Amino acid sequence: MLDIKFIRENPKKVQQGAADKSIEINVEHILELDNKVRELESITQKLREERNKTAKERNIEKGKELKIKLEKQENALRAVAEELKTSLLEIPNPASDDVKIGIDESENEVIKKYKEPTKFDFKPLDHLELGEKLDIIDVKSAAKVSGTRFAYLKNEGALLEFALIQYAMEFLTKESFIPIIPPVLINREITEGLGYWSGGGNGEYYYLNDPDEKKEMYLVGTAEHSIVPMHKDEVLNKKELPKRYAAFSSAFRREAGSYGKDTKGILRVHQFDKVEMVSFTTEENDDKEHDYLLSLQEKLFQSLEIPYQVVKMCTGDLGFPAARKYDLEAWMPGEGKFREVTSVSTTTDFQSRRLNIRYEDKMPGSTIVQAGLGTKTFGGTIVKKYVHILNGTAFAIGRTIIAILENYQQKDGSVLIPKVLQKYTGFSKISPKSS
RNA sequence: GGAGAGGUCGCAUAGUGGUCUAGUGCGUUCGCUUGGAAAGCGAAUGUUGUCGCAAGACAACCGGGAGUUCGAAUCUCCCCCUCUCCGCCA
């Protein structure tokens, strides 16, 4: 959500920001609504003032009259205010100035590359073929039990997941992240704050509806969904910023509308595990924090020695709340393509405004010279600002395993384990099971 | 799942229809006092919004929502959360 004051002062920028993301909004209409709300607000306020006075005088007759008038005004105000709020929620966060304007992913820019794509003197297999030969991925049984887009990870595959989690958590804890395991079920109110419903419905997330309970619960699409609202309605101390979390959780996605896309193996599944980074910081440190989170993602993949490229999203591929976003795409020899394995975005103060997460900032004190009295210094004013929230993937376990399997496969069908992970796996190679 | 208690200004508490413009204590800040400090004394001390150049004025907010009333922290209804006991349970 954008600040109405910002919209009043920068109507063109807001209109253009939405257009750059190919989202249609009508800023002019929103400003009209805003004026109307303020007009009605002042009328209502005057009536309330009178009502309060009348009640104090115990003027019952006049009070009855005012009550009716006031009710009318309040209803009118509520209707327009509601309309304004709905309109405000439809405005996307404008992209940062440094983001390229573009229609869709075809205009994204590759800004960095690490290593050349892995070369083989044999025809590399894809992760599913490998996974089945090694007996570490089983989608057939999962189809029987859960349906398509589910998988069992077993044997060394399961252990590899634990190794990745342990490695990432240790790495991030050393970087002063707070390790955390969040709930994966969230309530309705929080999904609204997160914007699950913007764009006219929920095509992305699962919900659980117990017929015996009136309450609906929603499965998180990423740990971010339960980490960010942790601080809803709080005022953080500037000294504790940046506050960084390293969260491990499962993530659930309906993938409605992606039928026929990436149907093979575990690249795109309904349930996967992830180590996620979430950072709360100040306005002035936002850009620096974004670079920092990206650098951590790069370090992790460099330590696995997996070739990748960093892609900077153009406006059309940014998504609603992000002002800037980078994807790290790992080389996947099975497909012969770079595929997204992590992503990192800043939502600036867009999410925090909606969820009301702020921090206290002290403006510098001022010194004034008083005639004949010398100088006097006044303490700074405390100002509350919305925090800037960034989030990025450390490891999306499934996709990272794909990258490892495909890049580390050997001619004999075995797969080597990246050196940094060996102390966590306890083995350095996965060999095909003879059946 | 059953029974009970409770959610009030940073914290602790008072407040059961108009004197609440929410009292008091603690904490915090400033001032007085002091060689300096403590204590003491005095004052200030929430959030959001509207109007205003400003000083300020006013409105809304006592877990959330709806209602009764001229008037609600206070009465009614629904919901949420916390605590205690019992049951069940990894």
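Predicted model: local features only at pLDDT ≥ 70, side-chain atom pairs only at ≥ 80, totals over all residues.
Local features need pLDDT of at least 70, side-chain atom pairs count only at pLDDT 80 or more, and totals for chains, interfaces and linings use all residues. Residues are numbered from 1 along each chain as its sequence is written, while chains are lettered from A and ligands numbered from 1 in the order in which they are written. Helices (H or I, at least four residues) and strands (E, at least two) are DSSP runs, numbered from the N terminus.

**Surface near RNA strand B**

- RNA strand B is surrounded by 16 residues, the closest being S42, R48, N52, A55 and G63; a residue is near if its C-beta atom, placed from the backbone, lies within 6 Å of the strand.
- Helices α3 (27–57) and α4 (60–89) each supply at least two residues of this surface, and α3 gives the most, with nine residues.
- By class, the surface has two nonpolar, five polar and nine charged residues.
- Ala, Val, Leu, Ile, Met, Phe, Trp, Tyr, Cys and Pro count as nonpolar, Asp, Glu, Lys and Arg as charged, and the others, Gly among them, as polar.

**Helices α3 and α4**

- The axes of α3 and α4 come within 9 Å and cross at roughly 155°; axes are lines fitted to C-alpha atoms, for helices over the stretch in contact, and angles run from 0 to 180 degrees between N-to-C directions.
- That angle makes α3 roughly antiparallel to α4 (under 35 degrees counts as roughly parallel, over 145 as roughly antiparallel, 65 to 115 as roughly perpendicular and the rest as oblique).
- The contact of α3 with α4 has 15 nonpolar, five polar and 10 charged residues.

**Helices α7 and α12**

- The axes of α7 (residues 156–174) and α12 (residues 397–407) come within 10 Å and cross at roughly 110°, which makes α7 roughly perpendicular to α12.
- G157, L160, E161 and L164 of α7 make the contact with I397, T400 and I401 of α12; two residues are in contact if their C-beta atoms, placed from the backbone, lie within 7 Å.

**The sheet**

- Eight strands form an open sheet with mixed pairing, in the order β1-β11-β12-β13-β18-β10-β9-β4; two strands pair if DSSP finds at least two bridges between them.
- β1 (109–114) and β4 (178–180) stand at the edges with a single partner strand each, so one side of each has no neighbour in the sheet.
- Strands β10 (residues 271–281) and β18 (residues 388–396) run antiparallel and are joined by eight bridges.
- Helix α10 (residues 286–303) lies across β1, β10, β11, β12, β13 and β18, running at about 5° to β18.
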